[in-house]
Amino acid sequence: MEKGHFKISIADTIDQTVEWITINFSSIFDRFSLLIDNCINLIIYVLTLINPIVLIIILSIIAYILVSVYMSIFTLIGFSIILNLGYWLPMIETFSLVFVSVIISILLGIPIGIISSQHKQLSKFTLPILDFMQTMPAFVYLIPAIFFFSIGVVPGIVASIIFSLPSVIKLTILGIKQVPKEIIEVGHSFGTKTHQLLFKIQIPLAMPTIMAGINQCIMLSLSMVVIASMVGAPGLGAEVYRAVTQIEIGKGFEAGIVIVILAIFLDRITQKLSIIKWKDGGRL
Amino acid sequence: MKYESCIIGLKNVTKDFSIANRKKNTNLKENHEDLAVSDVNLNIYKGEIFVLIGSSGSGKSTLLRMINNLVIPTEGEVLIEGRNTQKMSHNEMLTIRQKKISMVFQSISLLPHRTVISNIEFGLEVQGVKKSLRIKKAKESLRLVGLNGYEYHYPHQLSGGMQQRVGLARAIANDTDIILMDEAFSALDPIIKRDLQNQLLDLQSKLSKTIVFITHDIDEALKIGDRIGVMSQGKVIQVGKPEEILLEPINEYVKKLTNDINLQKLISASFFHSLTSEAKEKLIKKYNTQIEKLLETVK
């Protein structure tokens, strides 16, 4: 860089901020890290406690009840392949990672979405931030995440939350905004208070859209598993990553296919959950 | 006199949307014309069916919504049993909407995620009425509109006419003194419309509410209205009993409105029977001469 050339020091500022946060909030981060680690270990422990074959049958039954016979056959065959290929434990690990990050995204995203939808000014403020979170390359989050939470599964989860949280928030806002103004007027005409309007009309009618957001959130966090594995998260992503670094084409595909099977299963199940309440009706 | 006490009073009520439009506020009711209602004075009496008639854009929907403050008037006073709604606190207004005024809408007014019975319960639920009482009242009003057996259907499983009945039942369940009906039957086909009109008259004879009914159909207005108010370009230009509107139209607009009424429907309307034989003759004569004129032009 030439001397005397003025450059806005974004990099330096962020470096300093990250350092400051790391020093001052380390105890909070440690606690958070421990909590997430324990959650994941617990889920993995419980799921590995069940015999894989029993679990496959349970999943098939769930697919049959919620989706269709075909989906249950797919589940049966798909998960049997996973077991046969020897990816059962990585699959469970990936599932727990996705599960925890989606739960956290829901717990944060839906309230933020609801609050933003109620205040126009606030949503003007949140939407650009969400765009920023979604479009910023996910790798960028990994580095500070390592500083805050050290290597392991937690920075991976944090990165995938940052990446998938916006879809929950955005679709919650959209769902609530999409409620027809005629129906809102009906609510007003009966003298509903703001919270009654929200919980009895707006949120129930927004539910299909909110569920679509959760579905997207699951897909996005699944897409993050490979990136998460770069900071040490175990699971299918780690398998893919190892295959890539060792140029094992076949192995890479194997692990990739397992991710696809898991993704299809989770996608179809959550898609069905979103419309199960009032079946074909209720669409306006 | 049947109408001794005024329950809804409108005094110099004006709604100017230009102010709201300039602020780019999305109002509950979209309106193309800025001055939707201008300087309306109107008294509506306890126990009557008052019909507001006018073509679309005449401001009748806006006027109706100002009665329960869904649209806030720019000027003037709205008095409900003598109390000015503009001076009420937000909570008082909510109470008025819960206990005093209920509303029936034109279409898509049922909550799609709720069953028929829980749609009807909605108003009571908002008020915090106990579940058992709510269900009892909801079932009662469902029976009144002749839809018992449909409690656990969803709105999309019902026909348009049935949905409107549920909307009516929902308003009845709240047991308010005033029911506002915004083109409640306009979207229905003629036969179902007639059935619902009859049902409304039947219900009214049992419940004797104060009903403000909006329509653009003069036959409907004559059939169900105790009194009719004609609206045009944001103004109420004539108010009177059906026969007054027919026999003494105040200007060309009202004359045009009453020209092409359905004579058969007129004769079957209940107000017609209560007229003196003199007035009946006058009416028939008026429309007879019209028919004769019409026949001549055809020849």
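How many salt bridges are counted between chain B and chain A? The count between the two chains is 2 salt bridges, a salt bridge being a side-chain nitrogen of Lys or Arg within 4 Å of a carboxyl oxygen of Asp or Glu. The legends below describe a predicted model, in which local features need pLDDT of at least 70, side-chain atom pairs count only at pLDDT 80 or more, and totals for chains, interfaces and linings use all residues. Residues are numbered from 1 along each chain as its sequence is written, chains are lettered from A and ligands numbered from 1 in the order in which they are written, and side-chain values use heavy atoms, with hydrogens and water left out.

**View 1. The interface between chain B and chain A.** In this view 26 residues of chain B are in contact with 23 residues of chain A, where contact means heavy atoms within 4.5 Å. About 2400 Å² is buried between the two chains, with carbon and sulfur atoms giving 65% of that area; buried area is the accessible area (1.4 Å probe) that two parts lose on being put together, summed over both. Glu125(B) and Lys200(A) meet through their side chains in a salt bridge, at 2.6 Å from N to O. On the side of chain B that touches chain A, at least two residues each come from α3, β6 (101-104) and α4 (116-127) of chain B, and α4(B) gives the most, with 4 residues. Helices (H or I, at least four residues) and strands (E, at least two) are DSSP runs, numbered from the N terminus. By class, this side of chain B has 12 nonpolar, 8 polar and 6 charged residues, with Ala, Val, Leu, Ile, Met, Phe, Trp, Tyr, Cys and Pro counted as nonpolar, Asp, Glu, Lys and Arg as charged, and the others, Gly among them, as polar.

**View 2. The two domains of chain B.** The domain assignment of chain B gives domain 1 (6-100 + 176-298) and domain 2 (118-175), the bounds coming from an automatic or database domain assignment. The C-alpha centres of domain 1 and domain 2 of chain B lie 26 Å apart, and 17 residues of domain 1 are in contact with 14 residues of domain 2. Between them these domains bury about 1300 Å², 64% of it on carbon and sulfur atoms. Gln98(B), Gln199(B) and Leu203(B) supply 34% of the area that domain 1 of chain B buries against domain 2 of chain B, more than any other three residues.

View 3. Asp175(B) is found in the loop between α6 (160-173) and β7 of chain B, and its phi is near 55°, a positive value in a residue other than glycine. Most residues other than glycine have a negative phi. Asp175(B) forms a salt bridge with Lys209(B), the closest N and O atoms being 2.8 Å apart. At 49% relative accessibility, Asp175(B) counts as partly exposed; buried means under 20% relative accessible area, exposed over 50%, and partly exposed in between (1.4 Å probe, protein chains only).

**View 4. Glu121(B) and its two partners.** Glu121(B) forms a salt bridge with Lys131(B), with the closest N and O atoms 3.7 Å apart. Lys131(B) lies in helix α5 (residues 131-144) of chain B and Glu121(B) in helix α4 of chain B, so this pair ties together parts that are 10 residues apart in sequence. The side chain of Glu121(B) also meets that of Arg134(B) in a salt bridge (3.1 Å, N to O). Glu121(B) counts as buried at 1% relative accessibility, whereas Lys131(B), at 48%, counts as partly exposed.

**View 5. Lys193(B) and Asp217(B).** The side chains of Lys193(B) and Asp217(B) meet in a salt bridge at 3.1 Å, N to O. This pair links distant parts of the chain, 24 residues apart, with Lys193(B) in helix α7 of chain B and Asp217(B) in the loop between β8 (210-215) and α8 (218-224) of chain B. Both Lys193(B) and Asp217(B) are buried.
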